[in-house]
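This report describes the local packing of a model and its sheet. The sequence and structure follow.

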Amino acid sequence: MAQDPMGCDAFFIDEQHVREAKETLAQTNIESVSLMFKSIADINRAKITYLLCVHDELCVCDLAEILHLTVANTSHHLRLLYKNGVVTYRKEGKRAFYRIYDEHIRQIMMISIAHKEEVVSDDE
């Protein structure tokens, strides 16, 4: 059987490292982080998140026009992003304006874009 080049060649468990890692994992709300990343993983929601990182605030109608989506579909995406702490909004009359929840989200998105550009450059 062929060896996995990304795996271990020998099977050995470091009990102390395993115990410490389990404790670290138990103390972190990693599920909510996973849900946040999952919400951004959809291409349209990633585009919305990026647009709101670059433009401080956009109306649902503007986002729908930019992305060639219906307002209903755009609203659905924004609700998921809102539910997972990626965006927040304010109402102005009948219009809803969305923005990034906080600077952490902006940093996550912009660092991710920079990382992907570096990885692509390194592979060339």
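Tyr89 counts as partly exposed at 35% relative accessibility, and Tyr82 is partly exposed too, with a relative accessible area of 42%. Here, buried stands for under 20% relative accessible area, exposed for over 50%, and partly exposed for values in between (1.4 Å probe, protein chains only). The model is predicted, so local features need pLDDT of at least 70 and side-chain atom pairs count only at pLDDT 80 or more, whereas totals for chains, interfaces and linings use all residues. Residues are numbered from 1 along each chain as its sequence is written, and side-chain values use heavy atoms, with hydrogens and water left out.

A search of the whole structure finds two aromatic pairs. The Tyr82 and Tyr89 rings have centres 5.3 Å apart and planes at 70°, which means that the pair is edge-to-face. Rings of Phe, Tyr and Trp (its six-membered ring) pair if their centres lie within 6.5 Å; planes under 30 degrees apart are stacked, over 60 edge-to-face, and the rest tilted. One aromatic cluster is formed by Tyr82, Tyr89 and Tyr98.

The sheet is open and has three strands in the order E1-E3-E2, with antiparallel pairing. E1 and E2 stand at the edges with a single partner strand each, so one side of each has no neighbour in the sheet. Strands (E, at least two residues) and helices (H or I, at least four) are DSSP runs numbered from the N terminus, and two strands pair if DSSP finds at least two bridges between them.

| Strand pair | Sense | Bridges |
|---|---|---|
| E1 and E3 | antiparallel | two |
| E2 and E3 | antiparallel | six |

Leu58 stands opposite Tyr98 in E3. Arg90 stands opposite Phe97 in E3, and Arg90 also lies over the face of Phe97, at 4.7 Å from the ring centre. A charge sits over a ring if NZ of Lys or CZ of Arg is within 6 Å of the ring centre and within 35 degrees of the ring normal. E2 and E3 form a hairpin with two residues between them, and Gly93 in the turn has a positive phi of about 65°.

In helix H4 (residues 60–67), Val60, Leu63, Ala64 and Leu67 are buried. These residues cover an arc of only 100° around the axis, which puts them on the same side of H4; the arc is that of the directions from the helix axis to the C-beta atoms. The buried residues of H4 pack against helix H3 (43–54), strand E1 (58–59), helix H5 (71–83) and strand E3 (95–100), where contact means heavy atoms within 4.5 Å.
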